[in-house]
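Open the model in your viewer and keep the selection tool at hand.

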Amino acid sequence: MMNNSSADANGTEEFRNYYEIYAKHSSAIFIDQTVTPLFYVIGLPTNPLCAYIWLSRKTRANNSSAIYLGALSISHVVFLLMHVLQELKYAWNIETYDGHASCEIFHMLFYIPQYLAPLVVLGFTVERYIAVCHPFAKARYCTVRRAAFVVVSLFVFCVLISSLQAYFWTYDAEQQSCNHRVQLQTGNFIELWTWFTELLLFGVAPLAALVFNVLVIREIHSLTNCGPAHLGSSGGSQASTVTLLSISFYLICTWLPYTIVYSLNRQFPMGDLRMSSEEISRDPTWQRNFLFNTIRVILTEITLSNSACYFFIYYATGTHFRDRVHDLLCPKRCIKGSNRHLETKQYIAVSKSSKSNGTMITCV
């Protein structure tokens, strides 16, 4: 970590790192510090709940989509936990993973869930396309076993391409912070690799998902116009189709704008670090950078919501998911009694009733 700011003999403020400049002259730091914790509060408890529901034996039985959604929830949990460390470093100027080995390990692990999420979404989007547009191939390709194989394959792929980050980054003992390796700073390999992975995973993958979504929607519209007799098995999976389409479109809407802004990053460079506070406030290069960085942070927060807010989509569009949430979270009292006794009392049921050995169990 670089030294803190100080003042020279003339009382002119001198900045020692970029964090202090943004904290004083840009609203990006304030937005980051205010909004990001809200997504932690939402995503860290709800994503494990989503993973538990989707990957439970009852839910995943004969439901290949549950495998994808469970894997997506797990990747979001890991990403948010890793993001906390990055947030402390860049938004609060607190050292976290700055150290030998920890620097390399962090950057490798941090990229795996980011790469995995759009690929998993693309995976179940393709599966939904097969199920709706090619129903005769559904029994062969849309199985729980195949879904698990696809998820594992995507995970291995993400680990492989993320392992390069451990080579790109290293601990700089002189500056006491994580930085790119000296031998890589003179070339453009890191920049080209970053462009390739960013555009492929956060540009091409969402666009491909968009194409498959359009095809699915067209097919559903065509089947609906032909009447209920032509819906066949597609009509029975309408609820899950709505859930998966909603998730896919949400990823597209939250990732593509940030990818576009990221591609413009070099058009808005930072100014001279040696400028005083007064000079920075008048410098057009710094002012353009501050505006761009504020927009970038806002879009980053919107993208971060993609890792925190899927619970609300599941709850709004999935009847089974909503019922399971009620079963797990709604406070209830189970009262046992004979059928005759229950007939004389009124209950407000919040889940379901079942019979066991002639005894009715009602949860209220």
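Among contacts in the protein chain between residues at least 6 apart in sequence, what percentage joins residues at least 24 apart? The figure is 69%. Keep in mind that this is a predicted model.

**Whole chain.** Show the cartoon for the protein chain: 16 helices and seven strands are there. Of its 364 residues, 43% are buried. Switch to a surface view, and the accessible area is about 19600 Å², with 62% of that belonging to carbon and sulfur atoms.

**The largest core.** Select Leu72, Phe124, Ile247, Tyr314 and Phe321. These are the residues with the most contacts inside the largest nonpolar core, which has 59 residues. Next, select residues 102-133, which form helix 5; with twelve residues, helix 5 gives the most to this core. A further core, of eight residues, lies apart from the largest one; Ile130, Ala131, Cys133 and Leu245 are among its members.

**Tyr314 and helix 14.** Centre the view on Tyr314. Setting aside residues up to four places away in sequence, Tyr314 touches Cys50, Trp54, Leu69, Leu72, Ser73, Thr243, Ile247 and Phe321. Leu72, Ile247 and Phe321 in that list are also named among the residues with the most contacts inside the largest core.

Now select residues 310-317, helix 14, where Tyr310, Phe311, Ile313 and Tyr314 are buried. Why do these residues sit on the same side of helix 14? Look down the axis: they cover an arc of only 165 degrees around it, and therefore fall on the same side.

**Ala147 in helix 7.** Move to Ala147, which lies in helix 7. Is Ala147 buried or exposed? Its relative accessibility is 1%, so Ala147 counts as buried, the cut-off being under 20%. Show what surrounds the residue: leaving out neighbours within four places in sequence, Ala147 is in contact with Ser64, Ile67, Tyr68 and Glu127. Draw a distance from Ala147 to Ser64, C-alpha to C-alpha, and the value is 5.7 Å, although the two are 83 residues apart in sequence.

Terms used:
Residues numbered from 1 in each chain as written. Predicted model: local features only at pLDDT ≥ 70, side-chain atom pairs only at ≥ 80, totals over all residues. Heavy atoms only, no water. Helix = DSSP H or I, 4+ residues; strand = E, 2+ residues; numbered from the N terminus. Buried < 20%, exposed > 50% of the residue type's maximum accessible area, 1.4 Å probe, protein only. Contact = heavy atoms within 4.5 Å. Areas by Shrake-Rupley, 256 points an atom, 1.4 Å probe, with all protein chains shown as cover. Core = buried A, V, L, I, M, F, W, Y, C linked by side-chain atoms within 4.5 Å. Arc of directions from axis to C-beta.
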